[in-house]
Amino acid sequence: MDFSIPAATIELLQRVREFIQVELIPLEREFSGRPFLEILPELMAKRELVKQLGLWLPQIPREYGGVGLGFLDYAMVCEQLARSPYGNFVFNAQAPDAGNMEILIEFGSEEQQRRWLRPLLDGKIRSCFSMTEPDRPGSNPVWMDTTAVRDGDSYVINGLKWFTSSADGAAFAVVMAVTNPSAPPHERASQLIVPTDTPGFNLLRNISCMGHAGEDWESHAEIRYEDCRVPIENLLGEEGAGFRIAQARLGPGRIHHCMRWIGISERCFELMCQRAAERNISENDKLASKQTIQNWIADSRAEIDAARLLVLHAAWKIDRDGAKQARVEISTIKFFVAEVMMKVIDRAIQVHGALGITDDTILATYYRNERAARIYDGPDEVHRSVVARHILKNYQ
Ligand SMILES: Cc1cc2nc3c(=O)[nH]c(=O)nc-3n(C[C@H](O)[C@H](O)[C@H](O)COP(=O)(O)OP(=O)(O)OC[C@H]3O[C@@H](n4cnc5c(N)ncnc54)[C@H](O)[C@@H]3O)c2cc1C
């Protein structure tokens, strides 16, 4: 593995880092606790700045108006973007839109790209991805109740979904639904583009999570699809290709999530060190003089560095051999990095004492928002099982 980073990438990372440092981090106190729609105009103004700097859509190929970064370079950019909860949003590289852009580029028809991808790339609309159901295990997504039944030139969708992130205010949803119940499990479902103003697209609520229901991009919706009819032209890719498309979206995307989590870990690590160095616990004694605090700092440093190396190695393997061959590496980083991040956030909060649980620092926001990392994109336990089964093959 080559550990050197090209000079052009270092320069780019510095530009992104500076933008986040100068334009977004100072707004954190002012944004704290305010509804998303209230701060949105300011975020939209920052998006214009990002465009002027030529940093808009870092993850998207040049021919689609993006920066055209390679997979590894973009992974490193993700770390920098995550230093603010709004970094990805301001660069138009936020979930779930970034994933939908990717699949529309890869599988969308010309008309689907014109109607849905273009405005998404321009930042004029938002989207969501509607797969998980309250009554079926998201960890076993081949088992789902939502159906899309062909009726003439339409599909008619029925089912209950939840945790459709950012559905509130989105222009369309990409919906996973069973189109052929008698096909082999991985060929049963398809993905359909459903405009959110379609009759039968019923957003029931933004689900309150850890005390916050949120709104707009910062929310997770429960949606009932009730005789929701879309034209057959809204099928994404082929009928029955739903899981293949979902895999194309999730596999490499995990690298980006993990690098985002490393960015969050670094930000919290810095806050922890600053606080330890500044906080007096007696007239002549700083918190940093205590061995427990030193242990947390040293352990966090080692764990974040180890996590980053694991992720970059997995990214390198995807680049060299493809996502399928890197499946075990991808599963390893998913659970390892999520846990490192949670440990570092928790230690940083502890070092801040009562201040750590207030909204006067960003720590509490990260603690609340990022706990989900161990659940989405496949619960950690499922990924551990993939890794262990692969290892155990050598012993059978
Ligand atoms: C913040 C957040 C955002 C999300 N956004 C979206 C979105 O935009 N679109 C969407 O479709 N979904 C989204 N999800 C849903 C997410 O994909 C699911 O929550 C996830 O797949 C887990 O499914 P589940 O919640 O049904 O848990 P279950 O499948 O019921 O699993 C519950 C627990 O059981 C254990 N478990 C499950 N399987 C195994 C196993 N094989 N071995 C050992 N233990 C196991 C794990 O501990 C797991 O956490 C989001 C979830 C969260 C929390």
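Student: How close do the axes of helix H1 (residues 7-24) and H4 come, and at what angle do they cross?
Tutor: Helices here are DSSP runs (H or I, at least four residues), numbered from the N terminus. Axes are lines fitted to C-alpha atoms over the stretch in contact, with angles from 0 to 180 degrees between N-to-C directions. The H1 and H4 axes come within 9 Å and cross at roughly 20°.

Student: And what is this model, and how are residues numbered?
Tutor: It's a predicted model: local features need pLDDT of at least 70, side-chain atom pairs count only at pLDDT 80 or more, and totals for chains, interfaces and linings use all residues. Numbering runs along each chain as its sequence is written, from 1.

Student: Are H1 and H4 roughly parallel or roughly antiparallel?
Tutor: Angles under 35 degrees count as roughly parallel, and over 145 as roughly antiparallel. The crossing is at roughly 20°, so H1 and H4 are roughly parallel.

Student: Which H4 residues meet H1?
Tutor: Contact means C-beta atoms, placed from the backbone, within 7 Å. On the H1 side you have Thr9, Leu13, Val16, Arg17 and Ile20. Their H4 partners are Asp73, Met76, Val77, Gln80 and Leu81.

Student: How do H4 and H9 run relative to each other?
Tutor: The axes of H4 (residues 71-81) and H9 (residues 291-321) come within 9 Å and cross at roughly 155°. That makes H4, relative to H9, roughly antiparallel.

Student: Which H9 residues meet H4?
Tutor: From H4, the residues are Phe71, Leu72 and Ala75. Across from them in H9 sit Val311, Ala315, Trp316, Ile318 and Asp319.

Key
Helices (H or I, at least four residues) and strands (E, at least two) are DSSP runs, numbered from the N terminus. Angles under 35 degrees count as roughly parallel, over 145 as roughly antiparallel, 65 to 115 as roughly perpendicular and the rest as oblique. Two residues are in contact if their C-beta atoms, placed from the backbone, lie within 7 Å.
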